[in-house]
Amino acid sequence: MTTLGTRPAVPGSNRWWRYVAVGGAATAVHYAWLMGWVQLAHGEAAWGAATGATLGAAVAYLANRRYTFAARAAHRRALPRFASVALLTTGLSAALVAGAQQLGLHYLIGQILATGSGLVLGYLLNRHWSFQ
């Protein structure tokens, strides 16, 4: 029963917001590494982006495994699945950006679509497959 002005909790809604927060933290790690690598170490930007993305993915995997999904699946099972989802959403992102450009749209329109769809798809696949 709910009282006037309150809504029943949506199942998994807190999990969704934890997933979004973890993604934000992983992105911050990625960008911080990239900027530090380029600005402080005077390293190659592409290398900084690749290593930063790898560090961000590690943060996302570990935090989602523990904090978002409280998974008990073995790493040997969950990690390859998580990596597969990451590769899938990366491919989706590239395809949507390229598709937007083919349609004569600005590449950021494609990136916005890619970010939203990748976030939802990644959440669903990680929740129902990677960490089960």
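**Guided tour of the predicted model**

Contact means heavy atoms within 4.5 Å. Across the protein chain, pLDDT averages 90, and 91% of the residues score at least 70.

This is a predicted model in which local features need pLDDT of at least 70 and side-chain atom pairs count only at pLDDT 80 or more, whereas totals for chains, interfaces and linings use all residues. Residues are numbered from 1 along each chain as its sequence is written, and side-chain values use heavy atoms, with hydrogens and water left out.

Next, select His-42, in the loop between helix 1 (13–40) and helix 2 (45–68). Helices are DSSP runs of H or I, at least four residues, numbered from the N terminus. Phi of His-42 is near 55°, a positive value in a residue other than glycine. Most residues other than glycine have a negative phi.

Move on to Ala-70, which lies in the loop between helix 2 and helix 3. Its phi, near 45°, is again positive in a residue other than glycine. At 54% relative accessibility, Ala-70 also counts as exposed.

Finally, select Ser-93 in helix 3 (residues 75–102). Is Ser-93 buried or exposed? Ser-93 has a relative accessible area of 17% and is therefore buried, a term that means under 20%. Beyond its neighbours within four places in sequence, Ser-93 contacts Gln-111 and Ala-114.

Methods
Helices (H or I, at least four residues) and strands (E, at least two) are DSSP runs, numbered from the N terminus. Buried means under 20% relative accessible area, exposed over 50%, partly exposed in between (1.4 Å probe, protein chains only). pLDDT is the predictor's confidence in each residue, from 0 to 100.
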